[in-house]
Amino acid sequence: MTTLLCNTVIADSGIQFGTSGARGLVVDYTPEVCAAFTLAFLRVVQHSRGAAQQGSSVERMALAIDNRPSSPEIAAHCAALLQQQGIQVDYYGVVPTPALAYAAMQQGIPAIMVTGSHIPFDRNGLKFYRAEGEITKQDEQAMLSQAAEFSWPLQPVSLVVSDSAATAYQQRYLQWFGAGLADKLRVGVYEHSSAGRDIYSALLQKLGATVIPLGRSDTFVPIDTEAVSAEDEARAQQWAQQHQLDMIFSTDGDGDRPLVADEQGRWFRGDILCLLAAKALEIDALAVPVSCNTAIEACGAFSKVARTKIGSPYVIAGFDQLSGYSKVAGFEANGGFLLATDLQQDQRCLKALPTRDALLPFLAIVQLAQGKPLSLLLNQLPQCFTASDRITNFATDKSKALLASAQENIADFAARLQLHSPVVSVDTTDGLRLTLANNEIVHLRPSGNAPELRCYAESASEHKARNLVQAVLRSLSSLA
């Protein structure tokens, strides 16, 4: 038996923290690496608990996975380390990330989610949760510097699945929205390989909907809610017509980003979906990344909007600017909705869930629509339209170098992108965001989770926004 150091194993792994969690190639998630990340997280949580409460300790930790073929083995390695450290593991099997987070928060215990979210199946990841919610960027740095030792090899474990997290997650929304929320509605559930596909259908049926399962897959499907494929756009329109659907609901792989289509099979943009949801929930103040649609401010529905860098840890940090407001939430352009404060209505309470969630924004707009077509909800908003896409297999270092060079001469860079209006302002909060004289916006940034260069655009119509994105990406491809 040998002794290994967490920080050394992690540094040699090639796995890095992105916008949400640690991501890397499956082949890099060796048993030693999984153990090192798990122990580093455990030590960070133990240290903070000890500092806050004398004698406080961690005795249990929750664990769950998505449907990636590599996830069960990675979870087993994490559990083996916890067993070596004398920690009881509450294993929930395949459930959405927000279901795991909610179950852990209600019990006051930390949690680890094995998921790569929307990135391809040859990659995977780990998301970490304190008893209070997602870890911070400071926690990530503390984990990377942990010099804690663990004995190697580990003893294998046998994990037994509990369904209590799935049950509690359904009950959370059944209690808040009521059994009649979706009466007489025909809802298509695009199941693919989503971690919550069985939960969603069961819940929607309890809420009164007629559910039509669609597109279930035994092979992992990397759905990216910020870059919906042409195939999924065509499928949604076909399904809506074929099954006479009122709406379609889906998520990314781990169920923390929604994908919602109206009665015509047209997918909502994530930030527009969440803007409508925030209005439905009567939220006072919002924290949102700089990449989100400017209709958030223009609609005048919120007392305060704090803009942040992209990534749920930054949105959560943005909540500190909104402490004086009673109903606080946040969301991202990908549609993940974070509820920062408890909501009260009559005798009901919707407890805070400060991590990305796909179900809450979807159910909130179902309530807002009151049985009318979802497409009509868009008429309530200022006519600002966004689009996004990305260049794949574009190294992060290459993206950073490109944007750093661009900042040295913005006018020249804009000309090389063939933008047809002068740049009037530059925002470098996260990547490079250019506002043009014609009120269009072009925002470029490296993905925090994969070797991709993302482009976001805003314009006066959906068609113009899409064309702008594609034109910029074509120009960038020629520059690369």
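Helix α9 passes α12 in a left-handed crossing. This is a predicted model, and in it the axes of α9 (residues 270-280) and α12 come within 8 Å and cross at roughly 65°. On the α9 side, the contact is made by Leu273, Cys274, Leu276, Ala277 and Ala280, and these meet Pro361, Ala364, Ile365 and Leu368 of α12. Sorted by class, the contact of α9 with α12 has nine nonpolar residues, with no polar and no charged ones.

Helix α12 (residues 359-369) also packs against α6 (residues 164-177), with axes that come within 12 Å and cross at roughly 20°. An angle under 35 degrees counts as roughly parallel, so α6 and α12 run roughly parallel to each other. The crossing of this pair is right-handed. From α6, Tyr169, Tyr173 and Phe177 take part, while α12 brings in Leu359, Leu360, Leu363, Ala364 and Gln367. The residues of the contact of α6 with α12 divide into seven nonpolar, one polar and no charged. Ala364 turns up here and also in the contact of α12 with α9.

The largest nonpolar core holds 74 residues, and Tyr173 and Leu363 touch the most other members. Leaving aside residues up to four places away in sequence, Leu363 touches Tyr173, Phe177, Leu181, Leu203, Leu204 and Leu207. Apart from this core lies another one, of 41 residues, which includes Ile15, Leu42, Leu82 and Val114.

Helix α6 has a further partner in α4. These two helices pack at an angle of about 95°, with their axes 9 Å apart. Pro98, Ala99, Tyr102 and Ala103 of α4 make the contact with Ala165, Ala168, Tyr169 and Arg172 of α6. In terms of class, the contact of α4 with α6 has seven nonpolar residues, no polar ones and one charged.

How enclosed is α4 itself? Nine of the eleven residues of this helix (residues 97-107) are buried, so α4 is largely enclosed by the rest of the structure. The buried ones are Thr97, Pro98, Ala99, Leu100, Ala101, Tyr102, Ala103, Ala104 and Met105. After the helix comes Gly108, with a positive phi near 70°.

Most residues other than glycine have a negative phi, and most peptide bonds are trans. Asn393 has a positive phi, near 55°, and is not a glycine. This residue is found in the loop between β21 (385-391) and α13 (396-408). Asn393 counts as exposed because its relative accessibility is 72%. Gln418 is another residue other than glycine with a positive phi, here near 60°. Its place is the loop between α14 (410-416) and β22. With 56% relative accessibility, Gln418 counts as exposed. As for peptide bonds, the one from Trp152 to Pro153 is cis, with omega near 5°. Pro153 lies in the loop between β9 (149-152) and α6.

Trp152 also figures among the neighbours of Leu4, a residue of strand β1 (residues 2-5). Not counting residues up to four places away in sequence, Leu4 touches Val9, Glu32, Ala148, Glu149, Phe150 and Trp152. Leu4 and Glu32 are 28 residues apart along the chain, and their C-alpha atoms are separated by 8.3 Å.

Finally, there is Asp430, found in the loop between β22 (423-427) and β23 (432-436). Is this aspartate buried or exposed? Asp430 has 11% relative accessibility, so it counts as buried. Beyond residues up to four places away in sequence, Asp430 touches Val290, Lys309, Ile310, His443, Leu444 and Arg445.

How values were computed: Residues numbered from 1 in each chain as written. Predicted model: local features only at pLDDT ≥ 70, side-chain atom pairs only at ≥ 80, totals over all residues. Heavy atoms only, no water. Helix = DSSP H or I, 4+ residues; strand = E, 2+ residues; numbered from the N terminus. Buried < 20%, exposed > 50% of the residue type's maximum accessible area, 1.4 Å probe, protein only. Contact = heavy atoms within 4.5 Å. Axes fitted to C-alpha atoms, helices over the stretch in contact; angles between N-to-C directions. Parallel < 35°, antiparallel > 145°, perpendicular 65-115°, else oblique. Left-handed = near helix turned anticlockwise from the far one by under 90°. Nonpolar A, V, L, I, M, F, W, Y, C, P; charged D, E, K, R; others polar. Core = buried A, V, L, I, M, F, W, Y, C linked by side-chain atoms within 4.5 Å.
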